[in-house]
Amino acid sequence: MANSPSQIALYRKQLKSKLPPMRYEHSLSVSYTCICLAMRYGYDMDKAEIAGLLHDCGKRFSDDVILKKCEKKNIPMTNEQRDVPAVLHANYGAWLARHKYQIEDEEILNAILYHTTGKPEMTTLEKILYVADYMEPRRNKAPDLARIRLLAFQDLDETVYQILKGTLEYLEAKGGNVHPTTRQAYEYYNNRKN
């Protein structure tokens, strides 16, 4: 995929006008982190940058508003996603990426769709975006973040596993809902270790 610098600049301009300032800064940080991981793992840097830029393009509204927008646009949702509405911005974001930003690359669209939950058998881009969103430089609340950041440049699959494991432990400790796809992703990567 050969996107011109002017296309990337246009995406940035559009996002800057749509997203709150901190969400926009997060999107830039994720895109830069995606580029770094793409360089490390020999992946297409343009695709990684676009996925990083657009991953939260649907996260400018409250969860309730996003749910209504998904219903209005007939965006596919599971009952589990309705029960864990914080993940719905990924569905809405993948729809926006296709319909508003004219992204046709299915791998980019799927990376956006699964960047909150992960999934079994993630592609390289899905893993890059999942990890970059978790560890981008402006993040500072996750436990053991320094180790995760180092591990991300050594073993991408192990990093995905460690993030999934930590996410499940955190959600279970606070009594939060765990999206089934996140649990399936954890089981998949846990089984690969054994």
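# Reading an all-helix model

Modeller: Start with helix H7. Helix H3 (45–54), helix H6 (88–99) and helix H8 (124–135) are among the parts that cover its buried residues. This is a predicted model: local features need pLDDT of at least 70, side-chain atom pairs count only at pLDDT 80 or more, and totals for chains, interfaces and linings use all residues. Residues are numbered from 1 along each chain as its sequence is written, and side-chain values use heavy atoms, with hydrogens and water left out.

Biologist: Which residues of H7 are buried?

Modeller: First, the words. Buried means under 20% relative accessible area, exposed means over 50%, and partly exposed is in between (1.4 Å probe, protein chains only). Helices (H or I, at least four residues) and strands (E, at least two) are DSSP runs, numbered from the N terminus. Now the case: H7 spans residues 106–113, and its buried residues are Ile108, Leu109, Ala111 and Ile112.

Biologist: Why are they on the same side of H7?

Modeller: An α-helix has 3.6 residues a turn, so residues three or four places apart point the same way. Here, the buried residues of H7 are Ile108, Leu109, Ala111 and Ile112. They cover an arc of only 160° around the axis, which puts them on the same side of H7. The arc is that of the directions from the helix axis to the C-beta atoms.

Biologist: What caps the N-terminal end of H7?

Modeller: Asp105 does, with a side-chain oxygen 2.8 Å from the backbone nitrogen of Glu107. Asp105 and Glu107 also join Lys47 in a network of salt bridges. A salt bridge is a side-chain nitrogen of Lys or Arg within 4 Å of a carboxyl oxygen of Asp or Glu.

Biologist: How many salt bridges are there in the whole structure?

Modeller: A search finds 13. Take one of them: Asp56 and Arg23 meet through their side chains at 2.8 Å, N to O. Asp56 lies in the loop between H3 and helix H4 (63–72), and Arg23 in helix H2, so the pair ties together parts that are 33 residues apart in sequence. Asp56 is buried, at 2% relative accessible area. Arg23 is partly exposed, at 21%.

Biologist: Are Lys119 and Glu126 buried or exposed?

Modeller: Both are buried. They form a salt bridge, with the closest N and O atoms 3.7 Å apart. Now look at Arg139 and Asp133, whose closest N and O atoms are 3.1 Å apart in their salt bridge. Arg139 is partly exposed, with 34% relative accessible area. Asp133 counts as buried, at 10%.

Biologist: What is His26 in contact with?

Modeller: Contact means heavy atoms within 4.5 Å. Leave aside neighbours within four places in sequence, and His26 touches His55, Asp56, Asp133, Glu136 and Arg139. His26 sits in helix H2 (residues 21–41). His26 is buried, with a relative accessible area of 5%.

Biologist: How many helices and strands are in the chain?

Modeller: The chain has 11 helices and 0 strands. Its radius of gyration is 16 Å, close to the 16 Å that the globule rule gives for 194 residues, so it is as compact as a globular protein of that length. That radius is taken over C-alpha atoms, and the rule is 2.2 Å times the number of residues to the power 0.38. The C-alpha atoms fill a box of roughly 45 × 35 × 30 Å, taken along the principal axes. Of the 194 residues, 47% are buried.

Methods. Polar contact = N/O pair within 3.5 Å; in protein donor to acceptor, adjacent residues only side chain to side chain.
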